Amino acid sequence: MNDPFVSTTISLFDQITLALVGIGTVEPSKLLASSGNIFSAEELALLGERGAVGDVLLRFFDPCGIPVLTPLNDRVIGMPLEKLRHVRRTIGVAGGKRKVAAIRGALEGQWINILVTDRKTAEQLLL
């Protein structure tokens, strides 16, 4: 946090008017898991126990979009969800059957206000 590039970037969060974000699931994709950039099995279990279904910016939430707070939040350097909510246009990009619950949670929590997805996922979200 003392790095000037990091602190300068964080100070600009309030000026963001457009954010393009991915929507992730608690269970990492095979590609992400094979890269080694995942949380430990214990950390994933804790997220599951607390009801997490997905994340935006590695900030996890439950099916209603309510943030799931764990010690993982302290390890993420990035925009907090509450700041993201104030971004005028937040575009979430995600699709596929395994992401329906995460996308629904992101929509319910109003963490995104525009969704880019595929037709089958959109149809599932409408059910």
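The legends below describe several views of one predicted model, beginning with the whole chain and then turning to its sheets and helices.

Residues are numbered from 1 along each chain as its sequence is written, and side-chain values use heavy atoms, with hydrogens and water left out. Because the model is predicted, local features need pLDDT of at least 70 and side-chain atom pairs count only at pLDDT 80 or more, while totals for chains, interfaces and linings use all residues.

**View 1. The whole protein chain.** The protein chain holds six helices and six strands, where helices (H or I, at least four residues) and strands (E, at least two) are DSSP runs numbered from the N terminus. Read from the N terminus on, the elements follow the order α-β-β-α-α-β-β-α-β-α-β-α. The radius of gyration, taken over C-alpha atoms, is 15 Å, close to the 14 Å that the globule rule gives for 127 residues, so the chain is as compact as a globular protein of that length; the rule itself is 2.2 Å times the number of residues to the power 0.38.

**View 2. The parallel sheet.** Three strands form an open sheet in the order E1-E5-E6, with parallel pairing, and two strands count as paired if DSSP finds at least two bridges between them. Strand E1 (18-22) and strand E6 (114-116) are the edge strands, each pairing on one side only. Strand E5 (residues 89-93) and E6 are joined in the parallel sense over three bridges, and Val93 stands opposite Val116 in E6.

**View 3. The antiparallel sheet.** Here three strands form an open sheet in the order E2-E3-E4, and the pairing is antiparallel. Its edges are strand E2 (24-25) and strand E4 (59-61), each of which pairs on one side only. Two bridges join E2 to strand E3 (residues 54-56), and Gly24 has Asp55 in E3 as its bridge partner. Helix H5 (residues 100-108) packs on this sheet, touching E2, E3 and E4, where contact means heavy atoms within 4.5 Å.

**View 4. Helices H5 and H6.** H5 and helix H6 (residues 119-126) pack at an angle of about 60 degrees, with their axes 10 Å apart; axes are lines fitted to C-alpha atoms, for helices over the stretch in contact, and angles run from 0 to 180 degrees between N-to-C directions. The two helices are therefore oblique to each other, since angles under 35 degrees count as roughly parallel, over 145 as roughly antiparallel, 65 to 115 as roughly perpendicular and the rest as oblique. Val100, Ile103, Arg104 and Leu107 of H5 make the contact with Thr121, Gln124 and Leu125 of H6.
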